[in-house]
Amino acid sequence: MPSLARLLGSLGLVFVAACSSKGASNAPATDAGVDSSCDPGAAVPAYVRSPGAEVSFPSGFLFGTATAGMQIEKGLVHADWYQWAKLPGKVAGGDNPDDGPDALAHIPEHVAAMQSAGATAYRFSIEWSRIYPTLDAFDADTPDATALASYHQLLAALKAAKIRPFVTLHHFATPDYLDDITQPSQPQTFERPEMLTMFPEFARRMAKEFGGEVDDWVTINEPMILLLGAYVAQGHPPGAPMSFDRMVGALKKLVRVHAAVYDALHAADTIDAGSGRPVAVSIAKHNRVFFPRDACEPNDVAAAAKATYLWNEWIYNALVFGDWDDDFDGVYTGPNDKQADPTLKGRVDWLGVNYYGDTLVSSELALPYIGGIPTYADLPTSLPKTDMSWDIFPQGFRTVLKELAKYKLPVYVTENGIGDSQDVNKSRYLAEHLWELAHAISDDGVDVRGYFYWSLIDNFEWANGFCPRFGLYAVDRASASKTLTPYKAATLFRQIAADGKLSAATIDALPAYSSPVICQGP
Ligand code: FCB
């Protein structure tokens with residue numbers, strides 16, 4: 001029997017069906033039928049690159065990098081994540097975010113690094129708990145002047161460098177007055193009714209303050225990862241006792257909060273800061289490719305298809321079409337289901353997608369809603385691995401992008417990247433993913449407008465601390481100047497961004513993947 005052998009890891013929530021001896025098969029879960037050619041012993045195949053000698057990117061395509069405040073800023077003492085990181089056993093090695101890149105003290109160097117890498121866009125977060133450290137400050141609307149000045153400084157430097165900002169308003173960290181980590185059994189964060197008014201109010205104020213400098217907003221980063229970590233896997237604050245009901249309850253509320261934040265941003269940001277329209281809003285949605293662990297096992301196939309629907313589609317179905325599947329059963333026949341609900345429909349202007357790889361789903365442990373258990377680290381496949389022990393699976397990137405075509409909206413890849421401390425796999429990873437992205441545009445008709453590499457710099461990787469190195473630049477964290485040193489991938493990024501194209505020969509010239517140095521969780 002499998003077990004929930006490891007609940008913490010990588011993104012703070014990794015399910016590992018540790019005792020299963022089954023092999024994995026390579027039929028992606030697109031429907032609940034069993035692949036008649038299934039091969040229960042087959043491993044997920046090695047990468048087969050989409051064909052062609054060269055790909056090119058549309059004119060105006062954005063080549064960006066991404067970060068988040070909690071992962072690069074110092075002194076976010078009023079954030080739940082800051083306090084959570086101080087609890088024993090929550091972060092590998094007891095790493096402290098304050099020992100990271102101290103980004104707000106090094107804005108010129110970071111923007112210069114973006115320029116050196118040829119980047120034309122930057123996704124970062126404006127941290128709510130830095131702007132309003134206390135509930136009193138929020139209620140009185142007395143924002144921290146230093147915090148406002150820092151973000152204005154960053155935005156001015158980006159503008160001078162002709163780098164377009166994409167601003168995230170909630171990237172995993174919540175002010176402690178909305179998430180009390182000492183009370184994990186009580187409603188926290190998106191479960192709390194006040195989120196429905198306070199988050200839109202925060203967004204309204206940020207749009208008024210920064211709308212003249214920002215057109216592109218991300219409301220919430222990776223809702224599913226956030227909530228799974230908070231209410232099931234205990235890898236994110238408040239680390240509640242495992243409850244799928246709390247998780248789905250929070251998810252339903254989060255979607256409503258997003259819609260209200262969307263409306264607030266649209267009402268308050270009326271200035272075109274240079275993109276051609278004043279405001280465009282989305283979510284950074286973490287999507288994956290789900291495979292049945294055994295393609296000959298109907299329950300695995302069904303569970304993988306269900307996971308695809310729940311994880312990749314449920315939120316965007318609600319926010320694009322207004323289709324609300326209250327009971328998560330995949331059809332709109334339940335008593336609280338609704339289609340084309342005007343209070344939800346059209347609440348994203350583009351689709352944000354974060355892509356990191358594939359997941360195997362086994363029915364040997366039937367978790368609620370899914371009917372199986374998803375696993376996405378240490379997979380028994382022959383694919384090369386990252387330092388997070390995630391599969392490197394570039395063709396899944398194309399699959400995930402293709403799935404978004406049905407929404408008929410522009411797509412921005414808000415994150416994609418690799419933890420690679422040895423700097424041996426990053427360039428190939430980058431090139432192969434950009435290759436597949438270009439094919440999603442040219443062959444699958446997906447309107448992808450930009451790509452944000454995660455991350456600009458090595459940073460605090462949540463429960464994994466500083467071990468995983470996702471940056472285009474290494475940070476000398478011990479030095480006062482926090483000196484940046486480019487990885488080889490920064491040069492390749494610059495070359496592809498400057499050329500607007502990428503050849504198969506360039507990829508072929510890169511070294512083959514080599515073994516990672518796996519980061520251990522807490
Ligand atoms: C994503 C998170 C981001 C970073 C990368 C590696 O899930 O959004 O903050 O941790 O993973």
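Are Tyr 356 and Phe 470 buried or exposed? Both are buried, meaning under 20% relative accessible area with a 1.4 Å probe, protein chains only.

This is a predicted model, in which local features need pLDDT of at least 70, side-chain atom pairs count only at pLDDT 80 or more, and totals for chains, interfaces and linings use all residues. Residues are numbered from 1 along each chain as its sequence is written, and side-chain values use heavy atoms, with hydrogens and water left out.

**Aromatic pairs**

The whole structure holds 32 aromatic pairs. Rings of Phe, Tyr and Trp (its six-membered ring) pair if their centres lie within 6.5 Å; planes under 30 degrees apart are stacked, over 60 edge-to-face, and the rest tilted. Trp 350 lies in the loop between α10 and β7 and Tyr 412 in strand β9, so the pair ties together parts 62 residues apart in sequence. Trp 350 is buried at 1% relative accessibility; Tyr 412 is buried at 5%. Tyr 356 and Phe 470 also form an edge-to-face pair, at 6.4 Å and 90 degrees.

**The ligand**

A polar contact is a pair of N or O atoms within 3.5 Å.

| Residue | Distance to a ligand oxygen atom |
|---|---|
| Gln 71 | 2.7 Å |
| Glu 415 | 2.9 Å |
| Trp 462 | 3.0 Å |

The protein covers 100% of the 290 Å² of accessible area that the ligand has on its own (Shrake-Rupley method, 1.4 Å probe).

Conventions. Polar contact = N/O pair within 3.5 Å; in protein donor to acceptor, adjacent residues only side chain to side chain. Helix = DSSP H or I, 4+ residues; strand = E, 2+ residues; numbered from the N terminus. Buried < 20%, exposed > 50% of the residue type's maximum accessible area, 1.4 Å probe, protein only.
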